[in-house]
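Open the model in your viewer and keep the selection tool at hand. The stops below go from one selection to the next.

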Amino acid sequence: MFSFLNKDQATGEVTERQLDEQNIPAHIAIIMDGNGRWAQQRHLPRIAGHKQGMNTVKTVAKAASHLGVKVLTLYAFSTENWKRPSTEVNYLMKLPVDFFGTFVPDLVKNNIRVKVMGYTDQLPAATQKAVRDAIADTADCTGMVLNFALNYGGRAELVTATQQLAAQVQAGQLAPTDITADMLGQQLMTGDLAELADPDLLIRTSGEERLSNFMLWQVAYSEFVFMQEHWPDFDQATLEQAIYTYQQRHRRFGGLNPATDTTKN
Ligand code: IPE
Ligand code: IPE
Ligand code: MG
């Protein structure tokens with residue numbers, strides 16, 4: 001049992017709670033939101049929020065790994081974030097260089113392997129190199145997978161997967177009616193995660209309750225937990241609260257949960 005201090009989101013009341021070690025979500029995905037608002041509240045430029053947010057990534061990656069999470073997917077840059085002012089986009093593109101430049105030794109120490117999903121070929125050369133190096137430097141790590149969604153979009157991902165399957169059909173390797181959900185899942189950017197591809201828990205910070213084009217296929221049966229904290233304020237305690245909330249849920253996957261649902265008519 002892990003104990004932690006749970007802060008009730010509605011009342012602010014703090015109580016000591018226990019996390020069930022047997023029920024830690026294997027795959028947690030986080031929409032890291034609110035960097036800009038965090039900075040604005042402090043009369044700082046938005047990029048100051050992104051900088052602080054990078055430190056949060058370090059804290060949360062280590063905390064998740066210690067809790068026994070197997071995959072931590074972090075939404076870092078969407079295919080729609082190019083719409084932002086170029087100064088902000090340029091800063092966001094430099095962040096992976098800073099992040100991996102300073103954090104790879106810690107990742108290796110914690111046996112954390114880096115994976116990146118997204119259209120990385122569209123990133124600046126220095127960003128691509130930082131990503132490639134981090135993947136190579138952590139390739140032998142066998143613990144948690146730290147999966148960055150970088151220039152990622154759920155719809156684009158589904159379009160690409162569809163194109164790949166259509167090409168197989170056109171080559172005569174596949175009949176349209178033979179396409180299965182598993183085959184489509186395999187073509188997605190999470191295909192290599194196999195049985196861990198779908199998040200058990202999806203967290204979004206900063207009070208927004210929408211997906212913003214994140215993992216549209218994979219979250220079909222994820223538990224959603226929305227938190228008020230802006231991402232730079234997120235920490236181990238907030239992560240534990242989200243996991244605690246997850247552990248109070250009853251997942252059914254369309255069936256019945258024998259522990260909670262009566263089967264009597
Ligand atoms: C999340 O914070 C980080 C990225 C989208 C890159 P935002 O930058 O979206 O912060 P808000 O939502 O404007 O506060
Ligand atoms: C989603 O957040 C993208 C990331 C967290 C990287 P946004 O801040 O871009 O989403 P919207 O625009 O509020 O929907
Ligand atoms: Mg936002």
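Select Asp-33 and Glu-223: an unreviewed UniProt entry lists these under "binding site". UniProt positions follow the numbering used here, feature names are shortened, and annotations may be inferred rather than shown by experiment. From this pair, Asp-33 is part of the lining of the largest pocket. A pocket is found on a 1 Å grid over the protein atoms alone, as an open set of points with protein on both sides within 12 Å along at least five of seven lines; its lining residues have an atom within 4 Å of a point.

This is a predicted model, in which local features need pLDDT of at least 70 and side-chain atom pairs count only at pLDDT 80 or more, while totals for chains, interfaces and linings use all residues. Residues are numbered from 1 along each chain as its sequence is written, chains are lettered from A and ligands numbered from 1 in the order in which they are written, and side-chain values use heavy atoms, with hydrogens and water left out.

Stay on Asp-33 and show the secondary structure. Asp-33 lies in the loop that runs between strand S3 (27–31) and helix H1 (35–41). Helices (H or I, at least four residues) and strands (E, at least two) are DSSP runs, numbered from the N terminus.

Next, select ligand 1. Ligand 1 sits in the largest pocket, meaning that more than half of its atoms lie within 2 Å of the pocket's grid points. Its shell has 13 residues, the closest being Met-32, Asp-33, Arg-37, Arg-46 and Arg-84; a residue belongs if one of its heavy atoms lies within 4 Å. H1 gives the largest share of this shell, three residues. By class, the shell holds three nonpolar, five polar and five charged residues. Here Ala, Val, Leu, Ile, Met, Phe, Trp, Tyr, Cys and Pro count as nonpolar, Asp, Glu, Lys and Arg as charged, and the others, Gly among them, as polar.

Around ligand 2, select Ile-31, Met-32, Asp-33, Tyr-75, Ala-76, Phe-77, Asn-81, Arg-84, Arg-204, Arg-210 and Ser-212. Strand S4 (residues 71–78) contributes the most to this shell, with three residues. The shell divides into five nonpolar, two polar and four charged residues.

Which side chains come within polar reach of an oxygen atom of ligand 2? Arg-210 does at 2.7 Å, Asn-81 at 2.9 Å and Arg-204 at 3.3 Å. Of the 390 Å² of accessible area that ligand 2 has on its own, the protein covers 77%.

Finally, select Asp-33 with Asn-81, which the unreviewed UniProt entry lists for "active site". The two are spread over 49 residues of sequence yet cluster in space, with a largest C-alpha distance of 12.2 Å. Both Asp-33 and Asn-81 are in the lining of the largest pocket.

Terms used: A polar contact is a pair of N or O atoms within 3.5 Å; within protein, one must be able to donate a hydrogen and the other to accept it, and residues adjacent in sequence count only if both atoms are side-chain atoms. Accessible areas come from the Shrake-Rupley method with a 1.4 Å probe; for residues, only the protein chains shown count as cover. On a 1 Å grid over the protein atoms alone, a cavity is a set of points where a 1.4 Å probe fits but cannot get out, and a pocket is an open set with protein on both sides within 12 Å along at least five of seven lines; lining residues have an atom within 4 Å of a point.
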